Amino acid sequence: IEAYEVDPARIYLAGISCGAIAAWRYLAEFPANLVAAAVLVCGDGREAYADAGEDFAHVPIWAFHGDEDDIVPVRGSSVPIAGLQ
């Protein structure tokens with residue numbers, strides 16, 4: 001934001017695998033931050049959702065996770081998304 005001309009109302013958070021886990025944590029720890037939406041791929045957000053719960057409701061989250069992921073359990077995405085729904 002300091003280095004580029006950025007519209008603070010249009011900041012998108014994205015992450016894959018460990019990056020998605022960190023993005024879930026970021027949303028849990030900074031719920032009032034201006035994140036327009038989050039795209040999270042194969043991350044485990046269960047712990048972050050357990051900590052923040054409904055505080056995630058202010059950010060549209062698009063989570064992707066394949067059933068054949070043998071590293072990060074698919075429940076890492078499905079559990080927090082189901083809870084938000």
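At 57% relative accessibility, E47 counts as exposed, a class that requires over 50% relative accessible area, whereas buried residues have under 20% and partly exposed ones lie in between (1.4 Å probe, protein chains only). The model is predicted, so local features need pLDDT of at least 70 and side-chain atom pairs count only at pLDDT 80 or more, while totals for chains, interfaces and linings use all residues. Residues are numbered from 1 along each chain as its sequence is written, and side-chain values use heavy atoms, with hydrogens and water left out.

E47 takes part in a salt bridge with R25, the closest N and O atoms being 3.8 Å apart. This pair links distant parts of the chain, with R25 in helix α1 and E47 in helix α2, 22 residues apart. A salt bridge is defined here as a side-chain nitrogen of Lys or Arg within 4 Å of a carboxyl oxygen of Asp or Glu. Helices (H or I, at least four residues) and strands (E, at least two) are DSSP runs, numbered from the N terminus. In general terms, side chains of opposite charge can pair when their charged atoms come close.

R25 also meets the side chain of E29 in a salt bridge, at 3.2 Å from N to O. Both R25 and E29 belong to helix α1 and sit 4 residues apart, about one turn of the helix. R25 is classed as partly exposed because its relative accessibility is 23%. Together, R25, E29, E47 and D51 are linked in a network of salt bridges. A further salt bridge joins D44 to R46, with the closest N and O atoms 2.7 Å apart. R46 is partly exposed, since its relative accessible area is 30%. The search of the whole structure finds 4 salt bridges.

The largest nonpolar core has 15 residues, and L27, A38, L40, F56 and I61 touch the most other members. Such a core is a set of buried Ala, Val, Leu, Ile, Met, Phe, Trp, Tyr and Cys residues joined through side-chain atoms within 4.5 Å. At least two residues of this core are supplied by each of α1, β2 and α2, and the largest share, 5 residues, comes from α1. With residues up to four places away in sequence not counted, I61 touches W24, L27, A38, L40, F56, I81 and L84; contact means heavy atoms within 4.5 Å.

A20 is found in helix α1, which covers residues 18-29, and is buried because its relative accessible area is 0%. Beyond four places in sequence, A20 touches G15, L40, V41, C42 and G43. G45 is found in the loop between β2 (37-41) and α2 (46-52). G45 counts as buried because its relative accessibility is 0%. Leaving out residues up to four places away in sequence, G45 touches W24, G76 and P80. The C-alpha atoms of G45 and A20 are separated by 8.0 Å, although the two residues are 25 apart along the chain. A20 and P60 are 40 residues apart in sequence, and their C-alpha atoms are 15 Å apart in space.

On the surface, I1, Y4 and V6 form a nonpolar patch with about 370 Å² of accessible area together. Patches are made of residues with over 30% relative accessible area and no salt bridge, with like charges joined within 9 Å and nonpolar side chains (Val, Leu, Ile, Met, Phe, Trp, Tyr) within 5 Å. The areas come from the Shrake-Rupley method with a 1.4 Å probe, and for residues only the protein chains shown count as cover. V6 lies in the segment before β1 (12-16) and is partly exposed, given its 35% relative accessibility.

A disulfide, taken as a pair of cysteine sulfur atoms within 2.5 Å, is absent, as the count comes to 0. The sulfur of C18 is 11 Å from the closest cysteine sulfur, in C42, and is therefore too far for a bond. C18 is exposed, with a relative accessible area of 60%, whereas C42 counts as buried at 19% relative accessibility. C42 is found in the loop between β2 and α2 and has a phi near 55°, a positive value in a residue other than glycine. S17, in the loop between β1 and α1, also has a positive phi of about 55° although it is not a glycine. Most residues other than glycine have a negative phi.
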